[in-house]
Amino acid sequence: MRAVYKRELRSYFTSMTGYLFIAVVVFFIGIYFMANNLYYGAPGFSTTLVNVMVVLLVAVPVLTMRSMAEERRSRTDQLLLTAPVSVSGVVAGKYLAMVTILAIPMLLSCICPLIIAANGTSQLMSDYASIFAFFLMGCVFVAVGMFISALTESQIIAAVGTFAALLTLYLWDSLMQFLPDVLSNVLGLFSFSSVLYNFAYYSVFDVRGVVLYLTLAGLFVFLTVQALQKRRWN
Amino acid sequence: MIEVRDLVKRYGRHTAVDHLSFTVEQGQVYGFLGPNGAGKSTTMNIMTGYLGPTEGEVLVDGYSMADEPEKARRRIGYLPEQPPLYVDMTVTEYLLFAAELKKVPARARSGEVKRVMERTMLADVAGRLIRNLSKGYKQRVGIAQALLGNPEIVILDEPTVGLDPKQIIEIRALIRALAKEHTVILSSHILAEVQAVCDRILIIHHGKMVAAGTTEELERQLAGTTALEVTLKADEPAGRNLLRRVPGAGAVSYRPGAAEGESTFRVESRRGDLREKIFQACAAENVALLGLRSAGMTLEDVFLKLTADDGAREELPVSGREEEDEAE
């Protein structure tokens, strides 16, 4: 797992994808931070993060699209899957590498609440809790992207498919309105963005939501392992 | 070392590997020979644990590939048909990564990488990006990767495909050298290659093993079917009719290319020497016998015959009986 993790992390920085992802996310965090907090003087950094969520919908597919698809296309998966390591080790290594990349802009954004605090009233607790929730949400996005990438050899299909899946998660609550009550009561439990809203708008540490995020991330990592295993037996 | 038991791999309705069984013994070079699409790569992918079999099992040193994959895989170095290279890494970086993946201890890693690079003559491209290497060098990086961790068994899938003649000779010499320390299994659809490099040959066709043994054994197994090349002063149907009626004659096949008014046939014998009988038959029919010479079976004939799709296969050794006899 360590070998895969180190290789993946390095490859994100030799192929520019890592830099691009970090640059885009940081750039948009900066823009919204400047507009919301510095220009209009909103005290909460958390509301800024809600705006940045849309950026992740586009940026995460770029980060995850090649993770599994490219291995399969260039047949390097034959090296990984015939080495004396487990499939879950390979998947975990890759996932953690992408989560590490995601963590970098998150760590940088930790400065923003401090800037607000230095210039007036701030809500540090709520802001840092929101950054944490936002990071977990990104982890779910990355897991979904990795899973979709494991289903195809084409990076383009992986990217477009991931974007569609993430957009669906983003629109989840609004989509529920169109379903009959019976369905929306059940599916509404998976209400995705509302978890972040609870953190950001109501300053609530939504434990149920954190559990939901962790469960979804774990589920998609597990499904990725299963997708790779299944391909063996086809 | 490797025992393959009753392996079957189906893709939907297509059967790629059909009840394949064989044993690989230590210290020899094995050649998988078969036309394209015979199931060689699939078999190798199953032996290395990349694919799972539909039925059957693979044992490496007694460890089952299905139940104890990590122990089994540790004993195998594999070069797939397309070398599994990360082109954005340098040769050294890549090999260090592969060494870590193969659980070479951290302290031994750089020494191990150096050893395989010397072995495969990669030292002068060590710092170059794999993307920029020629096909021959890429293949060598792939072989170097397979040798990391000093596995007992090295499996190479078509190691010389796409190389120029000089590179082919180099890779073959390398394979022969590897055979001193490892058990090597390679696949090829080129007969000359297998003949040049391998101690034992397994011929695979439509996912089945059609013959197995050393080059000499395979040729000897067919010695029973001696064949003659006969040239007659007659047209094709007449000549064929005449030769078919010779007592003891087996398959008669027309060989194009004879001069006008003449025809050449290959006649297989079912029992004994046919030369005298052919002479007498020609004399009785008053047909001039222009040429008569023995046409022995070379390994190439064996291969072509075994992998031909039309009949005449029943007389030939089937499904590695030879192999089992030796194992007992």
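Contact means that heavy atoms lie within 4.5 Å. The model used in these exercises is predicted.

**Exercise 1.** Find which residues of α3(A) and α10(A) meet, and sort the residues of this contact by type.

*Solution.*
Step 1. On the side of α3(A), the residues are A:S46, A:T47, A:V50 and A:M53. Their partners in α10(A) are A:S193, A:L196, A:Y197, A:A200 and A:Y201.
Step 2. Sorted by type, the contact of α3(A) with α10(A) has six nonpolar residues, three polar and no charged.

**Exercise 2.** Describe how the axes of α3(A) and helix α10 (residues 193-202) of chain A are arranged.

*Solution.*
Step 1. The two axes come within 8 Å and cross at roughly 155 degrees.
Step 2. Angles over 145 degrees count as roughly antiparallel, so α3(A) is roughly antiparallel to α10(A).
Step 3. The crossing of α3(A) past α10(A) is left-handed.

**Exercise 3.** Describe the packing of helix α2 (residues 17-39) of chain A against helix α3 (residues 46-73) of chain A, and state which residues make the contact.

*Solution.*
Step 1. The axes are 9 Å apart, and the packing angle is about 165 degrees.
Step 2. With the cut-off of over 145 degrees, α2(A) and α3(A) are therefore roughly antiparallel to each other.
Step 3. The crossing of α2(A) and α3(A) is right-handed.
Step 4. Residues of α2(A) in the contact include A:L20, A:F21, A:V24 and A:F28. Among those of α3(A) are A:N51, A:V52, A:V55 and A:L56.
Step 5. By type, the contact of α2(A) with α3(A) comprises 15 nonpolar residues, six polar and no charged.

How values were computed
Residues numbered from 1 in each chain as written. Chains lettered and ligands numbered in written order. Predicted model: local features only at pLDDT ≥ 70, side-chain atom pairs only at ≥ 80, totals over all residues. Heavy atoms only, no water. Axes fitted to C-alpha atoms, helices over the stretch in contact; angles between N-to-C directions. Helix = DSSP H or I, 4+ residues; strand = E, 2+ residues; numbered from the N terminus. Parallel < 35°, antiparallel > 145°, perpendicular 65-115°, else oblique. Left-handed = near helix turned anticlockwise from the far one by under 90°. Nonpolar A, V, L, I, M, F, W, Y, C, P; charged D, E, K, R; others polar.
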